[in-house]
Amino acid sequence: MWCASKRIKKSQLTLEDLRVQRREREKALRKARREQHLTSKRLLRDQTDEEAFLGGNLSQHLLSEQQVLQRIRDIQHGSDEKLKHLTVLRHALRNRVTQLLFIRAEGSMQFLIGLFTCQFARIQMEAARCLHELSHSNDPAVSKACLPATSYLVTFLSGSSAELMELCLYTLGNLSVESEAARHQLLLQGIIPAFSMCLQSPYVTVLEATGYALSQLLQAKEAPQSIVPTVLEAGLTQDILKLLLSDFGESFGMMIEFAWCLHYIISSQVNNVVLISQGTVPKLVHMLTKLTTSPYLGVSGSELLICPLVRCLGNLLTEVDGANKRAIQEDGRVIVALFFFIQKFQQEHLFVIQECLWTLNNMTAKDPIICSAVLHFKLIPVFLQLLGHSRDIVLLVSLSLLTVFLNHLHKIMGHTPVLCA
Amino acid sequence: MIPPELLAALSSPAALSLPKPLPVQENTGRAGTFTPSTVRFSRDHDFFEDGDVHRHLYLEDVLTGIGEVEQRPKVSEFHCQMAGCSQIFDTLESYELHYNTLHRNVCSTCRRSFPSARLLDVHILEWHDSLFEIMAEKTNMFQCLVEGCVEKFKTAAKRKDHLIKTHLYPSNFRFDKPKKNKKYVFSNF
């Protein structure tokens with residue numbers, strides 16, 4: 001059973017451990033973002049396998065160079081037990097030192113790629129898992145050693161096996177954050193047309209993995225110049241919008257990935273006119289409105305979907321003309337939805353409030369119709385409630401935006417005191 | 001608090017019409033007056049820092065997960081029904097994986113298996129289409145193997161050169177075996 005490792009970690013650690021771990025990671029991520037190299041990788045692992053692994057003796061996975069070579073020989077010669085030996089190697093590859101020993105062993109990567117491209121499904125999958133373990137490494141040498149496999153990883157995206165496609169996509173997503181050279185290679189090997197095919201997959205797992213891999217590419221420094229234009233040209237945004245508008249069902253994780261893709265594309269400010277012409281604004285309005293009544297709103301993590309969608313709307317509102325704002329003017333529910341999110345996340349996720357306030361600012365600026373609606377709907381008390389928030393940052397943001405708002409209202413003669421009451 | 005009638009409107013299928021706008025006095029742009037404007041943020045702006053960090057914590061799975069993974073039911077062992085194949089399976093998923101890898105894109109003439117429909121089509125055309133060789137003498141017939149590339153070449157060697165130079169393919173790409181090579185594609189196994 002392959003799944004993201006989060007579900008395993010949850011059961012292994014205490015709440016306090018999780019808090020400490022989260023604080024440390026958060027600190028590291030903030031530092032990385034300020035230094036403009038915020039990258040993360042995702043790891044899929046077999047759940048039952050993982051439990052057995054953690055329950056066993058970890059030291060047995062620290063291998064010497066000779067032992068690594070022996071593992072490779074075991075796979076080469078053990079015809080009946082090839083799969084078993086490959087699994088042993090995969091477990092060993094979770095160790096950083098072993099990873100380095102493995103990639104340095106002569107012909108090891110070619111050997112692994114040979115197994116990965118063989119026609120025995122289970123061996124191929126196991127070799128794909130080995131590559132995935134290697135792709136998760138933070139050591140640039142290990143990721144670089146995986147690059148000869150990318151032509152096959154991309155080729156298999158046009159295949160029919162959902163399980164293999166998913167694993168290839170996560171591996172490609174991990175490798176693509178490593179270097180510009182790696183991304184250049186992936187683009188030349190046709191990863192964007194391959195994504196286009198993956199977007200037609202009926203499997204939610206494949207779609208989520210496609211969203212992950214695409215979002216990894218889109219976060220690259222050079223994305224506005226070399227990646228976003230290709231993505232727009234290939235028409236991927238139309239497929240993404242279609243998937244985001246699909247029924248939520250089991251696809252919440254998939255939607256999170258695509259919402260972030262859309263945010264990276266829009267905030268790159270490459271050609272938002274194309275996106276606006278594809279009806280992105282009314283579609284975002286519809287999605288945000290629909291989300292307020294989704295049962296998934298109660299699930300932990302719903303802010304991960306709302307945040308990028310709100311950002312997309314906020315940024316696009318700076319570029320739309322009157323005709324595109326009509327979607328909001330014809331159905332005021334999206335205004336209510338933003339206040340609904342502000343109220344829902346004010347205890348837990350302050351960034352959502354910040355971003356909803358900014359989007360409200362962009363919605364109301366130079367638009368007396370929407371301004372009037374906020375007053376008429378008696379939504380001002382929600383703003384006022386925010387002023388009492390203890391967190392400095394929210395206080396600052398809400399104060400500044402409230403100033404914007406009240407200045408705006410000032411123009412509406414004679415009505416402000418009555419409607420604010 | 002959001003008025004209850006507005007909350008009810010959120011779950012109603014009908015659109016929520018906006019009231020008639022209140023009268024507006026145009027701002028004459030006097031010094032010191034506030035002029036509302038929209039604000040655009042680029043993806044690296046500090047404004048997005050908290051949300052971005054939250055996204056990356058999720059990516060690294062420090063957050064608790066969304067959704068649960070279903071257990072795959074085991075079934076009684078069964079054999080693959082394809083002629084000449086006797087592999088045994090105990091889950092439908094493992095059979096599906098096997099079928100997709102080995103039997104999905106198979107050449108009906110020589111039984112070779114390919115990872116994608118595109119590679120199978122190229123193989124059938126180049127290996128088993130009697131007109132191919134005649135046509136190849138007149139026009140470029142060797143299609144590039146990369147998804148999204150429409151280039152065609154006079155010979156398999158020229159295509160190989162293109163794959164290496166333009167697409168950074170390895171020189172020994174396993175699914176690009178010219179016809180003269182009689183060795184089986186998956187000869188390692």
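How many salt bridges are there between chain B and chain A? The count is eight, where a salt bridge is a side-chain nitrogen of Lys or Arg within 4 Å of a carboxyl oxygen of Asp or Glu. This is a predicted model, in which local features need pLDDT of at least 70, side-chain atom pairs count only at pLDDT 80 or more, and totals for chains, interfaces and linings use all residues. Residues are numbered from 1 along each chain as its sequence is written, chains are lettered from A and ligands numbered from 1 in the order in which they are written, and side-chain values use heavy atoms, leaving out hydrogens and water.

Select A:E257 and B:R55 next: they form a salt bridge, with the closest N and O atoms 2.8 Å apart.

Now pick the helices of chain B (DSSP runs of H or I, at least four residues). α2(B) gives the most, with eleven residues.

Zoom out to both chains. Here 88 residues of chain B are in contact (heavy atoms within 4.5 Å) with 127 residues of chain A.

Last stop: residues 80-103, 107-128 and 144-167 of chain B, which an unreviewed UniProt entry lists as "domain: C2H2-type"; such annotations may be inferred rather than shown by experiment. In residues 107-128 of chain B, the end C-alpha atoms lie 9 Å apart and the span is 55% helix.

Notes: Helices (H or I, at least four residues) and strands (E, at least two) are DSSP runs, numbered from the N terminus.
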